[in-house]
Amino acid sequence: MKIFGKGHVLPWPASHQTILAMKLTAFLLTAALLSAHAGARSQSVTLNCDHTPLKKVFTEIRKQTGYSFFYNYDLLKSAHDVTLSVKDAPLNEVLKLAFADQPLGYVIQNKTVFVAEKLELRLVPRLDTDTSKPRDISGTVVDHRNGQPLDGVTILIKGLRRGAYSLNQGRFTVKDVPAGAVLVISSVGYRTQEIKVKEGMTGPLNISMEFQAAEIGNAEVTYNTGYQSVAKERATGSFVQLSAEEINRQVGANALDKIFNITSGMISNPGARNHLDIRGLSTINAISNPLIVVDNFPYEGTSIQKDVDGVLNELNPNDIQSITVLKDAAAASIWGTRASNGVIVIVTKRGLLNRRPSVSLSSIVTVGAKPDLDYSKTISVADEIAFERTEFGRGYYNAYDDNDPASKYYPVAAPVLELLLAVRRGEMTQAQADAQIAVYQQHNVKDDVRKYLLQKSISQQHMVSFTGGSANYSYYTSVGYDQARGVNPGDANNRYTLNFNNTFRPINNLELNGFVNYTQDRQYQNNLSFNQFLPSGSGVAPYTMLADASGHPLAIPYYYRQHFEDTATSGGVLDWHYRPLSERKYMDNVINLYHVRVGGSAKYTILKGLSANIIYQYERLLTNSNNNQSDSLFSVRNTINGFVTKDPLTGRPVYQIPVGNILAFSNVNQNIWNVRGTLNFNRSFGDHEIDAIAGAERRQNSSTSTSGTLYGYDPSDGVSKPVNSATPLINYFGYSSSIGSPTGIGGSLLRYGSYFGNAAYTYKGRYTVSGSARNDQNNFFGVKANQRVQPLWSAGAAWAINKESFYHVDWLPYLRVRATYGYNGNTPQGLTSTTTAFATASYSTGTIVSPVLPSASVNSPNNPQLTFEKTRIVNLALEASSKNKRLGGSFEFYFKNATDLIGTIVLDPTTGWLQFNSNNASLQGHGFDLQLNSRNIVSKNFKWNTDLNFSYNTDKVTSYHQPVTTAANYISSDYTPVIGKTLNKIYAYRSAGLDPATGALRLYIGGKAAPYTQLANARPSDLKYFGPSIAHYYGNMMNTFFYRRWTLSANIYYKLNWYFRRPSINYSSLFSGFGGSADYAKRWQKPGDEAITNVPALPAGADFNLDQAYQYSDVLVTKGDYIRLQDIRLNYDLGKGNRRWPFQSTQVFLYMNNVGILWKANKYGLDPENYSLIAYPSPRTLSAGVNVNF
Amino acid sequence: MIMRNRIYIALLCFLSMSCTKDKWFDAKQNLTQVVPQRVQDFQAMMDNVIMDYNAPYLGEIASDGHYVTDAVFNSLTPSEKNAYTWSHTNPYTNLVDWSYNSGAYTRIYYTNLALDGLKTATGAGSFDYNNVMGQALFYRAKNFYELLQIFAPVYDSSKAATDLGIPLRLESDINIPSKRASVKEGYEQVISDINAALPLLPVTPQYKTRPSKPACYALLARLYLSVSDYADAGKYADSCLQLYPALLNYNTLNLAPLYPLVNYNDDVILQSTLSVGNGAISYSAKVDTALYHLYDSTDLRKVILFTPAADGTIGVRSSNFSNAPFNGLTPEEMYLIRAESRARLGQKDAAMSDINTLLRTRYKTGTYPDQTAATADEALAIALKERRKELVFSGLRWSDLRRFGREGRFAVTLTRTVAGTTYTLEPNSFKYTFPIPDDVINQAPQLQQNPGW
């Protein structure tokens, strides 16, 4: 049946609004096609209606036929009720009847009935001015990517109110097209094009539509601050937004892992104190992690994952819709005293109204290589054995037997030394020892580690989600399962996530939302860390054998001397040997995490533009760890043996800790609630636009913990045995020692409250001013209530220059400047026990007094002047975009001045205190963030985009009262504040080369070359300052290539201008028998070597000063700059469904992470992020995944 | 109208949220953390182990009766090396005995915090309130007294009003600058604190780690002895013994364990131990053989306190349970103070009676014949010899050496040899007053260094 006449003509006059409606319809159509599912059951309908609302009629028809109806909610308000009665009538007939008197029209496409405003059917007047004769034009529309026909594209004659839809394999016919007319071909999701009908044009018109999915996303970008959404074009502050596509491009179980390398102004510094920082540091001693906000409220993660990158471990990244990073005062000041370190706002997915139900499935499997053990250059077996034989020959190790056991002296002796000592004791012949040493010569412990203690890491992520929505209800539901095993066998975890999010509109003006988010994570920590068995200087000798030829675990000297373990074992204690390879099977350490987040909101529109919103969220986190340590484990045997004494009368061993398993358990229970009420006002009056929010909130985070240790534990019946932990006992070695308190309990209660307001005013869409203010209160510090209030404010302005009438730069159609000023605060959470306005005391269970009495320790003296840390930020930004967005981006420059920072003041010791924390320090910083997006090539089949981030940040300590007086202070920690210098920095002793006669290290002390033995005389002025120990320049470059259905992207990441200390030989470790750096082979051995090496000669014995002087000398300071190819992703889009492929969209991808370093400044083959002797470059991982929608 | 009502309702919601009493923010943040303001908080502070251990020990290191091998000497901290050799090697930064590791001034801060806090605490006048206040006063007195023994010159009534003593910190406010009070003011403060504590404290404390009336008398006896006021020393020793006469008979001890003396023995009036440090005293130290030979073979202390090594040197077994030398208050010390006082006041028989009472509990049962003295001086000599033997490693020897030097009568010259270098400490040397550490003077330049250093 044809509704509107012949063919697919739509002969109604199309007003501007109608075109918009059609675009919308087409967009909805596309969306509907992605998720169409129901097969038609019947084409005939039986209906009995008496003044039935049209909507109900649709519902009934849908039930009977499987046809879906698509309409605008408001449109149906104008519909009349329907009265009709049909039996087994064809669908078309029924629809005709139902729409008979309606002000609405409809069109049927692909089993969907689109309802739209009915437009008057009238003849189109001929254009008399045109000399040419109008004619019909037909053609087809296809998708340029794959040539698939496109239905639902509108073809309109420009200037006239008529046109046609493409239907039935993309075909269309436009009637009576005047010559010289322009056809406007549009469809949401595709680039609109115009085609001029040339005179004499005949034959079918073949139109190829260019897909433009990304443009939809860009159409209305809003930044979510956790309090409100701010439209990009009205924002004054500094925001970075990452979409779900950008987050999901990288593979990982934690959302933060996926944005480290692509976020402007954010850097990850593994191992550094400020591990994750946004625009550098704003604090010296307090926590420097940014605040993480998930769905409106701060998210603190479970108690065992306090490290910033672990906080989000219980959030499935596939549930994330977007991540917004708030960088300056205007963006973040709404978070008040928690905003100084920047804020990361995460929004999880929700259903959308008027969305067909859709199901999405995704699966990713990732396999990671084994760590490369050959990366760390450790001493060779031959060098180590030669060293041990020589030093033994010199008598260096005689004391090992001479002082043992009278002085209870049991240093670990390397296996070769143990053999030589056995020969010395006469327990073995030299020949026997030599035979065994010859075996060791052929052995490398790294082979054992590779064979027994390493595996490929494997992780899987699976997720299914359901989403959809009707006119007044929407939902999003997902179920996720993640499973991972690490490189250490026995290290694994399973995570289940469950997510329900529902939105209702029960009555006009009221929107209700409710959600439940549940995560269960089970972690198995039944592994040995492989890197403790490397000859790195703190592990084992390089030839150590972990197993015999047939693979049976061998005892190794590790915690005690093997000779001691052999002899002590015969003295009536439990077997005291340590056999690493037999440990794993006795481990039973499981941590269970449960995390529930439930909440809801109600938004009521009081009058146009003004709404009231109440949000509530309750979170509960349970962390339950159970470590059932078998008495076959070394740690248990060692604990029990450590407290064995001999009965003075019988000589029998007395076990003060009962023989049996030791169960260590802990339970942490966290309860968090939040409530927030806001009034939102958002309205335009002509040229004026106001967007304002004001509100108040409260938050409480309480946690309780219990922990305990049960001795002599029998897992079969749960029975354990008591121990005497009240009084100190005499241990195996004859010293007094206490068995730790078997139970512990803790608890904390954090309360926050604030009032806040934020308003932005825009005039003519060109000028925007914004301001915000916030008052914070909390129960920290124990301060009087009126001193807790902390007002923080910000102000900003933006100017869209391109919208000015005088602006006529065609090639730069978008140009906008922004400026902000304001304050963010920082609550020194990490320091609350020692940084208080009143003197506080901590209770603990006393240890000496019997019976045990409660004991209180004073944490700090009182400081009534204590206040929050404050950071003043000035941000200046320029945004621009060239024509067609071929080149666009932003440049932001900022100054930071952090004052009232908590610093340490040294006190007169007669006050009873050596030092004291107060608001006396300050830090200044500045930097810039540059973001560039370029479309290098845009063609029909091939596109190439480049996105570049380049950031610079530096800081300088401007006041700090704890003086750095000795050279050792500068050296010992890279974080020791030095006034005038950046906080993370590297100082080094100046090497004066090796002594030509002895090969001993010399340092410049007081300007003269002096032997290293005078290290203690080195003064700060003798040190050389290198520069920052974390990168001050960093960023990434992402290149993305599109070819038909293929997408290839690669991310290059770089860090510039920083230093690290590369490891070299540490002779003390070597003398202890734990191996060390392969630099041993490069040591000075004879006069003249000083010309070719910096490695000092072997000293006579362990020499702390030498190791200290060499390790911290300038010869080992190495430039850290690098550029790495972080990852590559190859995506293939199988396209929309057709007969052979039942799914609506399917994507498959391959992803490789940690691809490799492209360039590095150092010549030592070191990855500057992983340079220690137990480190290895992050292993390459390969992921394969599939994502299906239907 | 309806619109206006809607707005009012919305505003009401906000007001109800934002106008909650600020008391909500007074909740304490941490279960185990408090702002001490209740009597029980101050009691818990007084029950902190720091009140009972790490008593100043530099004086004991500097005293005679023990020595260390060169190897052990090298392992000592700089301040211990200085104390052992009566030297002042720059930089003299170690704060041991001051605030470092919960030293004396940390304890004094605790007592001041408690005394300041008690002014506003509820329950004034109750037993618990008085008890805590008495404990705080007692501990402040004890720590001031112990600092005076090391960092202030020996009490000389002719110069005490002008000799510089120690800073007397009497308030918890750390912003008040410290200044050195005179020696006289120092001792007066100690005496007044003890006298203030006396009526507040019970005769029998609940635990031996808490001060009591007998402890007050015992500390007063110790103080008056060190300022050579023997009449008062004897009087207060007697007052103490009236309340706490019980001695520990060493024959009742089990000698099998490594440390036969255990904590809280019957004779302990108040538990207290010296700082252990790196072993200049106690387990790494060797005992002078002359001292060792003062003990008779049937004297149980010879086996309980000492352990001869294979090489003929004498090691320390224990002065009390475990490694930390005991310097608490005992009736044994009171018998010795009363005996010395009686001897010095001419009461030789009464003095010998005290000595005999004590020694009967120290010798194997039946092996101790009561001693008599022909003269008061002989009784004094015996009393001082027994004092030396009974109170070995208790930290009291340093005070004794100081007063003997000032009196001249029993003065000794101490010598030590370390790595071939011999060090000497003459009686009355300025070195009997330890220097104030540089780290203290650096932060508080108004504190004057002791003369000679």
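**Entry 1: chain A as a whole**

I began with contacts, meaning heavy atoms within 4.5 Å. In chain A, residues 24 or more positions apart account for 69% of the contacts with a separation of 6 or more. This is a predicted model, in which local features need pLDDT of at least 70, side-chain atom pairs count only at pLDDT 80 or more, and totals for chains, interfaces and linings use all residues. Residues are numbered from 1 along each chain as its sequence is written, chains are lettered from A and ligands numbered from 1 in the order in which they are written, and side-chain values use heavy atoms, with hydrogens and water left out.

I then counted elements. Chain A has 17 helices and 58 strands. Helices (H or I, at least four residues) and strands (E, at least two) are DSSP runs, numbered from the N terminus. I also looked up burial. Buried means under 20% relative accessible area, exposed over 50%, and partly exposed in between, with a 1.4 Å probe and protein chains only. Of the 1190 residues in chain A, 53% are buried.

**Entry 2: confidence**

I checked pLDDT, the predictor's confidence in each residue, from 0 to 100. The average for chain A is 84, and 87% of the residues score at least 70. Residues 1-41 of chain A have a pLDDT below 50, and this stretch has 93 contacts in the model beyond near neighbours in sequence. Residues 213-219 of chain A also stay under 50. For them the model has 5 contacts beyond four places in sequence.

**Entry 3: a sheet in chain A**

Which order do the strands take? I found an open sheet of 3 strands, E10-E7-E13 of chain A, with mixed pairing. Two strands pair if DSSP finds at least two bridges between them. The edge strands are E10 (171-177) and E13 (205-209) of chain A, and each pairs on one side only. Strand E7 (residues 135-143) of chain A pairs with E10(A) in the antiparallel sense over 5 bridges. Opposite Arg135(A) I found Val177(A) in E10(A).

**Entry 4: single residues in chain A**

Lys885(A) has a phi of about 55°. Lys885(A) lies in the loop between strand E43 (869-881) and strand E44 (887-906) of chain A. Its relative accessible area is 43%, so Lys885(A) is partly exposed. Asp900(A) has a phi near 55° and is not a glycine either. Asp900(A) sits in strand E44 of chain A. With 25% relative accessibility, Asp900(A) counts as partly exposed.

Next I took Asn824(A), in strand E40 (residues 814-826) of chain A. Is Asn824(A) buried or exposed? Asn824(A) counts as buried, at 1% relative accessibility. Not counting residues up to four places away in sequence, Asn824(A) touches several residues, including Asp328(A), Ser333(A), Leu792(A) and Thr871(A).

**Entry 5: cores and helix H7 of chain B**

A nonpolar core is a set of buried Ala, Val, Leu, Ile, Met, Phe, Trp, Tyr and Cys residues joined through side-chain atoms within 4.5 Å. The largest one has 142 residues. Among those with the most contacts inside it are Met45(B), Phe138(B) and Ile166(B). H7(B) gives the most to this core, with 13 residues. A second, separate core of 51 residues includes Tyr440(A) and Ile1065(A).

Why is H7(B) largely enclosed by the rest of the structure? It is because 21 of its 25 residues are buried. Ile166(B) is in contact with residues beyond four places in sequence, among them Phe144(B), Leu147(B) and Phe151(B).

**Entry 6: Leu274 and a sheet in chain B**

Where is Leu274(B)? Leu274(B) is in the loop between helix H10 (230-243) and strand E5 (286-287) of chain B. Leu274(B) is buried, with a relative accessible area of 2%. Beyond four places in sequence, its contacts include Asn54(B), Tyr57(B), Ala324(B) and Phe393(B).

Last, I traced an open sheet of 4 strands in chain B, ordered E2-E5-E7-E6, with antiparallel pairing. Strands E2 (66-67) and E6 (306-308) of chain B are at the edges with a single partner strand each, so one side of each has no neighbour in the sheet. E2(B) and E5(B) pair over 2 bridges. There, His66(B) has Val287(B) in E5(B) as its bridge partner.
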